[in-house]
Amino acid sequence: MSPLVQGLLTIFIGVGGCVGYFFLSNLILDKVIFPTRSENPGLNINRANLVRPWLFLFPAMAALGLYLVYPVIGSFWRSLYNRSGDEFIGLGNYMTMFSDDGFQVALFNNFLWVLFVPASATFLGLLVAQLTDRLKWGNIAKSLIFMPMAISFVGASLIWKFVYANNADIGLINALRDFFGAEEPLDVLQVRFWNNFFLMFILIWIQTGFAMVILSAALRGIPEETVEAAIIDGANPFQVFFKIKVPQIMGTIVVVWTTITILVLKVFDIVYTMTGGNFGTEILPSYMMSYMFRDDGRATAVAFVIMIIVLPVMIWNIRQARAEMR
Amino acid sequence: MDNIAGTKSSLSWAVHISVVALVVLWLIPTVGLLVSSFRDRDAITATGWWLSPFSVEQAYRVQPELDGVTEDNGYSVLEGNLFGAEGSGEVSGFGITARAPNAASPGQVYARFNVDVEEPDGTIDDTRLELAYPVGSDPAFPETDDDGNRILTDTAVLDRSLEAQVNGDFRYVSEGELRRAPSLYVTSLSPPRFSLENYRTILFSNGMDVAFINTFTVTIPATIIPILIAAFAAYALAWMDFKGRGFLIAMVVGLLVVPLQLALVPLLQLHNKVGIGQSFLGIWLAHTGFGLPLAIYLLRNYMVGLPRDIIESAKVDGATDFQVFTKIVLPLSFPALASFAIFQFLWVWNDLLVAKVFLPSNSESWVMTVKIADDLLGSRGGDWGILAGAAFISIAVPLAVFFTMQRYLVRGLLAGSVK
């Protein structure tokens, strides 16, 4: 059976199954288990309403539990076993990993990514949001800067491979160097340390649009009076921006910043396609992929390190959500 | 800031210019890829894509057919056109050796002579001399050769010569009989050329068509199924009262940031154990699971904002929760459903990680991202035209979705991040 037919069939079964499940389970609950036409319908309706939320929630919670909660525990458990998974070695994987040069390089690079990418993308996004705020063609400009969001990391990497190409007739960087009189083309992806930044530019290029869209909406939400009052008091545009607007959208800036930080900790595609982790560009997600299928113990240990780095953000998010519900 | 007197005009110019600069900067890489995808690989390596609208100077070797060689005074003469019978172009330079392929310009003769020279100590030696001179005039020999020996002009004997015109007509003269086709070197200006050749190659002989269909096959079910499951859960979390609701919402928020990496190994083992293995079914399930937190979160946030009156009056009129959900909440939540659908579509379409882990690693089930990253970049690393074409095929659909449904995408982003 061709995958396409299989796909159509899956849609049919999946959608039909979901609808059928929800419809039938509600029907059975109302007609069979707690029928409303019985001696005490009031009690039955109340009982049914106690169960019903769980009928609605069951498929989602089962999927979440199986595909996201279980793996957190499963991964941790697996990381305590050796490569083939038959011998318990405690924190052995973590020990060997922390003393591995490759891991240290990946950790350091990831640290650079986490520092540099969210900061630059948020800053640029804020800049564009502010600049286009009152522009007549601002929406077109925003839409074009937002566009890379739709492009895959692999596609984006290819796009930038053309920019970084080690050939003055293909790569813009080398064309510029050539224009300013450089003799030999330079493979920027092989320049130690700085090559990390060339890879980061790709993610910044993608994420600036995201930051811009959200910050631009936040800027629109600032009460007009505060800006007007500042202008009447003689504030110049820069003062208005930095002292009136930025403080009011600080909360949104933090949200954007953390969202991009989380993303940075997950993206392995760019490093994988651009350098394959060579020339000292490895980061944790790509380091993990290099062990995937080869040494599951080590791979899950790396994944768990990523999880621990993400943990503070997760706790902070949950707190925010709880505070809002109150 | 429209009302700051005096500063407006200069500042607004600065704003316009900097926004234009930023937009151009953001677009250049993509435009480069798009332009390159229409050029053949020789053109790509010959000149930058930014020069592609202009004529390209290309140097190459021509070996004309030997038909129609005539004899003249011990010399063979061959006449014809450097571009062949049907070709066209503009000769900008030519030569007869690979050493100096561009030594003469059209309208000139480029000739090699055997000539005697007199060395400073008086001994006579012979050497070769190559020079260009206008058609119809005599060659003007220099006084001395490169080593400083005096050239005895009278002894010069023509070895071979080539004259060529701008339109490509040439006349080649060579001493003795021509046995093999001579090698002539031409530099010509060829007009810019764009073609769909790369796309044809990549789609019909490279398996990209299979990858394209696979991407579709993975994406569509993985987009539709989580929406349905999430919508019911979101309704329960938004409008039903039960114990543990707060905890579940907090859990969904927490799961939003769980790194996917964590899920790969345990889930693959699980899939292997229950017999799904690496398959399309496996990747649909995986994407469904991974997409759920965002789906539930987005939809719940939206559903909570629906007017309470409508829902309560429906309930007073005797509608069950199931009816309220399907007849009122679901239709009203269309914008949020659309937002999530676009998110999930883009995310699944663009995904590399999940596809690498959950799909079989044979080429029949490669999706486009895997195909590009693992196959084309490796084996076709040097074929820039093919790479550009493939990249563009893979980003065309997301770009189309993006530009037609941007409104929903933005709305979804805002619902997900700004409170």
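**Exercise 1. How many residues of domain 1 of chain A are in contact with how many residues of domain 2 of chain A?**

Before we start: this is a predicted model, so local features need pLDDT of at least 70 and side-chain atom pairs count only at pLDDT 80 or more, while totals for chains, interfaces and linings use all residues. Residues are numbered from 1 along each chain as its sequence is written, chains are lettered from A in the order in which they are written, and side-chain values use heavy atoms, without hydrogens and water.

*Solution.*
- Step 1: find the pieces. Chain A splits into domain 1 (3–79) and domain 2 (95–325), with bounds from an automatic or database domain assignment.
- Step 2: check the spacing. Taken over C-alpha atoms, the centres of these two domains of chain A are 39 Å apart.
- Step 3: count. Contact means heavy atoms within 4.5 Å, and 5 residues of domain 1 of chain A touch 5 residues of domain 2 of chain A in this sense.

**Exercise 2. Work out how helices H11 and H14 of chain A pack.**

*Solution.*
- Step 1: locate them. H11(A) covers residues 250–264 and H14(A) covers 296–325; helices here are DSSP runs (H or I, at least four residues), numbered from the N terminus.
- Step 2: read the geometry. The angle is about 145° and the axes lie 11 Å apart, using lines fitted to C-alpha atoms over the stretch in contact, with angles from 0 to 180 degrees between N-to-C directions.
- Step 3: name the partners. H11(A) brings A:Val254, A:Thr258 and A:Ile262, and H14(A) brings A:Val310, A:Val313 and A:Trp316.
- Step 4: sort them. You get 5 nonpolar, 1 polar and no charged.

**Exercise 3. Find the domains of chain B and the distance between the centres of domain 1 and domain 2.**

*Solution.*
- Step 1: list the domains. Chain B has domain 1 (8–53), domain 2 (56–190) and domain 3 (206–417) in its assignment.
- Step 2: take the distance. Over C-alpha atoms, the centres of domain 1 and domain 2 of chain B are separated by 43 Å.

Note on methods:
Helices (H or I, at least four residues) and strands (E, at least two) are DSSP runs, numbered from the N terminus. Ala, Val, Leu, Ile, Met, Phe, Trp, Tyr, Cys and Pro count as nonpolar, Asp, Glu, Lys and Arg as charged, and the others, Gly among them, as polar.
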